[in-house]
Structure formats: structure tokens, C-alpha cells
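Student: I would like to learn how to read a few features in a model like this one. Could we go through them one at a time?

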Amino acid sequence: MGPEQPSLLLPTTFLKSSQSHQAALAGQGDYNGDGINDIAIAVTRSDDPPQANESLYIVFGKKRGESWPAELDVAKSYDAIITNLPKNSVVSGLGDVNSDGVDDFGITDPANRTVGLILGRKNWTPQLVFGADFTDPNG
């Protein structure tokens, strides 16, 4: 992400012992094609009901010399977010699958035994929200 890396904060609902959440670094890669590594953090849940914060949070890296805050609240300071992750899903950085110069993601849906491909892009509208729909056979 850069020479000075902040502590990453997740919403407190993910830390409650009564809920089965998992937060995982989905991978480091250049998800916006600017030549600087970014990070993606997947927050999913293994029990019901689903929560609004179950998402893939993408935080773009900063250029050398740009500073990070000491703590970065991922749920409030993301650059892009993909919502509606399936229960027990796993997200992984896949590298540049389509050879466009931007790294991409794979998102599993264990219940339906499918994998979705989310292509990285050079133009992420600030705070853009994508909803992953694993029920549409046409994507």
C-alpha cells in the first residue's frame, strides 16, 4: 500500500462473539491500474442473517510521499466496495486475468458451487458500489 501502512479498522459488528464473521485480506494487487499496489479486504459471515457490511472493501494505495492516517476505518474509507457477498464466500486476487493491465478478483459462492469474476478497472467512480449477484445465470 505504501511506505507508511496504517492500522486497518473493521466495524465493531464483525468483532462480536455472537456472530460468525470472518475478515480476510483478499489480496494485494493493482486493482485500478495506476501502478501502485492496492488491498482488498473481504468481510463475510458464516451464519444467518446476512449483514449489510458483508462486502469486499478495496483501498487504493498511495503514491510515495502521500501520507496515511494512523488508523484507517475500512468500512468508511474504502475507495470501492462490492456488496452482497455470498455466505462463506472466499475472495482472492487473481492477477490480470483478461490482460488489460489491471488485476482482477475471484469470489466463490460455496452454496451454489460457483465462482464470480470481478474485473479490476481503471475508472472506479469514487465510493462506487457493485452488488454481486450469484443467482443470475447470465451474470
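Student: In which strand is leucine 94 found?
Tutor: Leucine 94 is found in strand β7. Helices (H or I, at least four residues) and strands (E, at least two) are DSSP runs, numbered from the N terminus. This is a predicted model, in which local features need pLDDT of at least 70 and side-chain atom pairs count only at pLDDT 80 or more, while totals for chains, interfaces and linings use all residues. Residues are numbered from 1 along each chain as its sequence is written, and side-chain values use heavy atoms, with hydrogens and water left out.

Student: Is leucine 94 buried, partly exposed or exposed?
Tutor: Leucine 94 counts as partly exposed because its relative accessibility is 44%. Buried is under 20% relative accessible area, exposed is over 50%, and partly exposed lies in between (1.4 Å probe, protein chains only).

Student: How do I read a sheet, and in what order do the strands around β7 lie?
Tutor: Strands of a sheet pair through backbone hydrogen bonds, either parallel or antiparallel. Here three strands form an open sheet in the order β7-β8-β9, with antiparallel pairing. Two strands count as paired if DSSP finds at least two bridges between them. β7 (91–95) and β9 (114–118) are the edge strands, each pairing on one side only. From one strand to the next the twist averages 30°; axes are lines fitted to C-alpha atoms, for helices over the stretch in contact, and angles run from 0 to 180 degrees between N-to-C directions.

Student: How many bridges hold each pair, and which residues are partners?
Tutor: β7 and β8 pair over four bridges, and glycine 93 has phenylalanine 105 in β8 as its bridge partner. Strand β8 (residues 104–109) is joined to β9 by five bridges. Glycine 106 is partnered by leucine 117 of β9, and isoleucine 107 by glycine 116. As for cover, five of the six residues of β8 are buried.

Student: What does a positive phi tell me to look at?
Tutor: Most residues other than glycine have a negative phi, and most peptide bonds are trans. Arginine 113 has a positive phi of about 55° although it is not a glycine. The residue sits in the turn of the hairpin formed by β8 and β9, which has four residues between the strands. Arginine 113 counts as exposed because its relative accessibility is 80%.

Student: How do I judge the two faces of a strand, for instance β4?
Tutor: In a regular strand the side chains alternate between the two faces of the sheet. In β4 (residues 55–59), five of five residues are buried. Ser55, Tyr57 and Val59 lie on one side, with Leu56 and Ile58 on the other, and both faces are covered. Four bridges join β4 to strand β6 (residues 80–83) in antiparallel fashion, and serine 55 has threonine 83 as its partner in β6.

Student: What about residues in loops, such as tryptophan 124?
Tutor: Tryptophan 124 lies in the loop between β9 and β10 (128–131). Tryptophan 124 is buried because its relative accessible area is 7%. Its C-alpha atom is 9.8 Å from that of isoleucine 81, 43 residues apart along the chain.
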